[in-house]
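Colleague: I have the file open next to me and would like to talk it through. Could you start with the overall fold and then go into the details?

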Amino acid sequence: AVLEHWVRCTQTAIEAERRRGAAPDGLPARDLAIALNSMNERVMHATLAGDGPSVAEPDVVDVLLDVWLCTIYRDTTPPSV
């Protein structure tokens, strides 16, 4: 139920960014939301629990943010449309 909540929030945000023209159309927003949230969960678990392979703890947020921005906006800097 918790993951589903975050998936819905992410899906809604992706769809809103597409509607306002900030994010390009692409794969279904729900599919991206599922993949991004599942990735976050696994990467954070690996990093914080030492259940490798893992991203170094000081870098994990920056790495995940880069992946999210590239996935949603096709760039690491969202436009200010």
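Modeller: The protein chain has three helices and zero strands, and from the N terminus on its elements run α-α-α. Please keep in mind throughout that this is a predicted model.

Colleague: What does the C-alpha trace span along its principal axes?

Modeller: The C-alpha trace of the protein chain spans about 40 × 30 × 15 Å along those axes. Of its 81 residues, 26% count as buried, and among the contacts with a separation of 6 or more, 47% are between residues 24 or more positions apart.

Colleague: Let's go to α1. What distance separates its end C-alpha atoms, and what should its 18 residues span?

Modeller: The end C-alpha atoms of α1 are 26 Å apart, which agrees with the 26 Å that 18 residues should span at 1.5 Å a residue.

Colleague: And which residues of α1 are buried?

Modeller: The buried residues in α1 are V7, T10, Q11, I14, E17 and R18. Viewed down the axis of α1, these buried residues fall within an arc of 130 degrees, so they line one face of the helix. The buried residues of α1 pack against α2 and α3, whereas the face turned away from the buried side carries the exposed residues V2, R8 and R19.

Colleague: What about α3, which of its residues are buried?

Modeller: In α3, which covers residues 60-73, the buried residues are V60, L64, W68, L69, I72 and Y73. They cover an arc of only 150 degrees around the axis, which puts them on the same side of α3. What covers them includes α1 and α2. As for its length, α3 has 14 residues and reaches 20 Å from its first C-alpha to its last, close to the 20 Å expected at 1.5 Å a residue.

Colleague: Which residues make up the largest nonpolar core?

Modeller: That core has 10 residues, namely I14, A22, A23, A29, L32, L36, W68, L69, I72 and Y73. The elements that give two or more residues to this core are α2 and α3, and the largest share, four residues, comes from α3. As a general background, nonpolar side chains in soluble globular proteins tend to be buried together.

Colleague: A22 is on that list. Where does it lie, and which residues does it touch beyond four places away in sequence?

Modeller: A22 lies in the loop between α1 and α2, and at 6% relative accessibility it counts as buried, because the cut-off is under 20%. Not counting residues up to four places away in sequence, A22 touches E17, Y73 and P79. The C-alpha atoms of A22 and P79 are separated by 5.7 Å, although these two residues are 57 residues apart along the chain.

Colleague: Switching to α2 now, is T47 buried or exposed?

Modeller: T47, which lies in helix α2 (residues 29-49), counts as buried at 10% relative accessibility. The side chain of T47 reaches the backbone oxygen of V55 at 2.9 Å. Leaving aside neighbours within four places in sequence, T47 is in contact with S54, V55, A56, E57 and V60.

Colleague: Now the backbone. Which residues does the cis peptide bond join?

Modeller: The cis peptide bond joins G52 and P53, with omega at about 0 degrees, and P53 has its place in the loop between α2 and α3.

Colleague: Last topic, the cysteines. How many disulfides does a search of the whole structure find?

Modeller: The search finds zero disulfides. C9 is partly exposed, with a relative accessible area of 33%, and C70 is partly exposed too, with a relative accessible area of 32%.

Conventions
Residues numbered from 1 in each chain as written. Predicted model: local features only at pLDDT ≥ 70, side-chain atom pairs only at ≥ 80, totals over all residues. Heavy atoms only, no water. Buried < 20%, exposed > 50% of the residue type's maximum accessible area, 1.4 Å probe, protein only. Polar contact = N/O pair within 3.5 Å; in protein donor to acceptor, adjacent residues only side chain to side chain. Contact = heavy atoms within 4.5 Å. Disulfide = S-S within 2.5 Å. Expected span 1.5 Å × (residues − 1). Arc of directions from axis to C-beta. Core = buried A, V, L, I, M, F, W, Y, C linked by side-chain atoms within 4.5 Å.
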